[in-house]
Amino acid sequence: MKEMYPLTEAQKRVWYMESLFPNTGVFNIVARTKLQIWNHPLLVQSIQYLFSQSEMLRVRLSSQGQEPTQYISEEKTVELSVKDIREYSEEQMENWFQEQAKKPFSLHETQLHEFQVVRWRDETFLFVKCHHILFDGIS
C-alpha cells in the first residue's frame, strides 16, 4: 500500500487553479537544451539515476476523498522517446516546441514530467516538461 501525503499549501493552490482552468498547460515548466554529444543509452542512464535519487520527480497525485494527496511512485524508469523533425523549417520547429509546451498533464495518478530527444536538421535537443506542482518551492 502506498503512503499518502498531504499537498503543501503551495501545491494546493496550484491544484485548485488547475481545476479552475483545466487542460490549458499554463502550469507547465519547459526547458530545451541543445546536446553537443548525443549518446542515447548514456542519457537514459543519467535520467534514470536522477529519478532514483529524487523522489520529487516520482510524485503522483491522487484525489481520493475530499482533499488531494500525493505519493511517491516506485517507478524509476523513464521513457526517453526520440522525435525526428529534421525536415521542419525553423518556424515549424519552434511551433512544434510551443505546441508540446502547452499540452497539459493529467494530475491524476500519472507522471507529471516528460523527457524527449528532438532531432532537427543536424542538431539534437533535450526537451523537458514538468508540471509546476512538482516545483512548489517547498516539497
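Predicted model: local features only at pLDDT ≥ 70, side-chain atom pairs only at ≥ 80, totals over all residues.
Visitor: Okay. Which residue forms a salt bridge with Arg86?
Guide: That would be Asp84, and the closest N and O atoms of the two are 2.6 Å apart. Asp84 is partly exposed too, with a relative accessible area of 43%.

Visitor: How many salt bridges are there in total?
Guide: The count comes to six. Another one joins the side chains of Lys12 and Glu9, at 3.4 Å from N to O.

Visitor: Where do Lys12 and Glu9 lie?
Guide: Both are in helix H1, three residues apart, which is about one turn of the helix. Glu9 is exposed, because its relative accessible area of 53% is over the 50% cut-off.

Visitor: What about Lys2, which residue does it pair with?
Guide: Lys2 forms a salt bridge with Glu109, with 3.5 Å between the closest N and O atoms. This pair links distant parts of the chain, 107 residues apart. Lys2 sits in the segment before strand E1 (5-6), while Glu109 belongs to the loop between helix H3 (90-102) and E6.

Visitor: And are those two buried, exposed or partly exposed?
Guide: Lys2 is partly exposed at 40% relative accessible area, and Glu109 is partly exposed at 37%.

Visitor: Let's go inside. Which residues touch the most other members of the largest nonpolar core?
Guide: Leu43, Ile47, Leu61, Leu80, Leu112 and Phe115 do, out of 23 residues in that core. Two or more core residues come from each of helix H1 (9-20), helix H2 (40-53), strand E3 (59-62), strand E6 (113-120) and strand E7 (123-131). In soluble globular proteins, nonpolar side chains tend to be buried together.

Visitor: Tell me more about Phe115. What is it in contact with?
Guide: Setting aside neighbours within four places in sequence, Phe115 is in contact with Ile47, Phe51, Val78, Glu79, Leu80, Ser81, Phe127 and Val128. There is also a second, separate core of eight residues, with Met93, Trp96, Phe97 and Val118 among them.

Visitor: New topic, pockets! What volume does the largest pocket have?
Guide: The largest pocket has a volume of about 160 Å³.

Visitor: Which residues line it?
Guide: The lining is made of Trp15, Glu18, Ser19, Pro22, Asn23, Phe105, Ser106, Leu107 and His108. By type, the lining divides into four nonpolar residues, four polar and one charged.

Technical notes. Residues numbered from 1 in each chain as written. Heavy atoms only, no water. 1 Å grid on protein atoms, 1.4 Å probe; cavity = no way out; pocket = protein on both sides within 12 Å on 5 of 7 lines; lining within 4 Å. Points joined across faces, edges and corners; volume = space filled by probe spheres on them. Nonpolar A, V, L, I, M, F, W, Y, C, P; charged D, E, K, R; others polar. Core = buried A, V, L, I, M, F, W, Y, C linked by side-chain atoms within 4.5 Å. Buried < 20%, exposed > 50% of the residue type's maximum accessible area, 1.4 Å probe, protein only. Helix = DSSP H or I, 4+ residues; strand = E, 2+ residues; numbered from the N terminus. Contact = heavy atoms within 4.5 Å. Salt bridge = Lys/Arg side-chain N within 4 Å of Asp/Glu carboxyl O.
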